[in-house]
Amino acid sequence: MLNPLGVFDDFTPKKNMHNTHTIQNNHCQPSVLWFTGLSGSGKTTISSDVANKLRQIECRVQVLDGDILRTGLCEDLGFSDNDRSENIRRIAQVSKLFIEANYVVLVAAISPFTADRDKARSIIGADNFVEIHCDCSVKECEKRDPKGLYELARLGKIKDFTGIDSPYEAPTKPTITLQTDKHSLADCVAQVMDRLNEYKY
C-alpha cells in the first residue's frame, strides 16, 4: 500500500521455513540496499523480490522506489542535473530515517551520477550503505522497455533520458554487481541474499 510520501508501507512479515536463501540467525542489520542502474535494468523487480525474502525471515523492510517517489515526495522535481541530485538527496534522507527506526531499506533508483551516490552514502553512513549495480546494456533495456520510454527518448519526445541523451556513470566498486542481462531474476535475487550472508548481515 502507498502512503502520502509515495513509498510502500511495510506489512507484517510471514515466516517461510522452506526459504532456501535466508540470512543467518534471522538477524537483520538496519541498512540501505541501494539498487542503481538504467531504466529497465531490473532494479524494482529485484529489490521487490529481495524485500519479500527479507520479510519472510521477519526483517522490518521498507521499499523506496524512485518512480513512485516522483509521484509524491519528489513530484516537484524534473530531470535536470540539479533536480536529479536533489531527488537522490531526499531519498537518502528518508532512508536514513528508516534505518534509525531499525528498518532494512531497499532503494530502487537510477541514480545516474557517482557524486550523488557518494553523497547518499555519506548521508546514510558508509557502514550502512550497500551499493548494488544492476548492470544491463542499453540494448537489452530497450528490448524490455515496458513503458516505451526508450522509444520516446529516441524520437526526441523525452529529453535528458538516462542512457540516451543523459549519461549513466556506472559504479566502479559496487558492493554487488548483478548482470541482469545475463542471469535470471531468481539468480540475481539469490546472489544478493548470498552476499548478505557473507557479510553476516
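Which residue in S5 stands opposite Asp135? Select Asp135 and look across to S5: the residue there is Gln179. This is a predicted model, in which local features need pLDDT of at least 70 and side-chain atom pairs count only at pLDDT 80 or more, while totals for chains, interfaces and linings use all residues. Residues are numbered from 1 along each chain as its sequence is written, and side-chain values use heavy atoms, with hydrogens and water left out.

**The sheet**

Next, colour the strands (DSSP runs of E, at least two residues, numbered from the N terminus). There are 5 strands in an open sheet, ordered S2-S3-S1-S4-S5, with parallel pairing. Two strands count as paired if DSSP finds at least two bridges between them. Strand S2 (61–65) and strand S5 (176–179) are at the edges; each has a single partner strand, so one side of each lacks a neighbour in the sheet. From one strand to the next the twist averages 15°, with axes taken as lines fitted to C-alpha atoms, for helices over the stretch in contact, and angles running from 0 to 180 degrees between N-to-C directions.

Zoom in on strand S4 (residues 129–135), which runs parallel to S5 and is joined to S5 by 4 bridges. Buried means under 20% relative accessible area, exposed over 50%, and partly exposed in between (1.4 Å probe, protein chains only).

**Two helices across the sheet**

Helices are DSSP runs of H or I, at least four residues; contact means heavy atoms within 4.5 Å. Select helix H1 (residues 43–56), which lies across strand S1 (31–36), S2, strand S3 (104–108), S4 and S5, at about 165° to S3. Move on to helix H4 (residues 114–124), which lies across S1 and S4 and runs at about 155° to S4.

**The cysteines**

Select Cys28 and Cys59, which form a disulfide with sulfur atoms 1.5 Å apart. A disulfide here is a pair of cysteine sulfur atoms within 2.5 Å, and the structure holds 1. The link of Cys28 and Cys59 is left-handed, with -55° about the S-S bond.

Last, select Cys141, which is in no disulfide; the nearest cysteine sulfur belongs to Cys136, 3.7 Å away. Cys141 is buried, with a relative accessible area of 0%.
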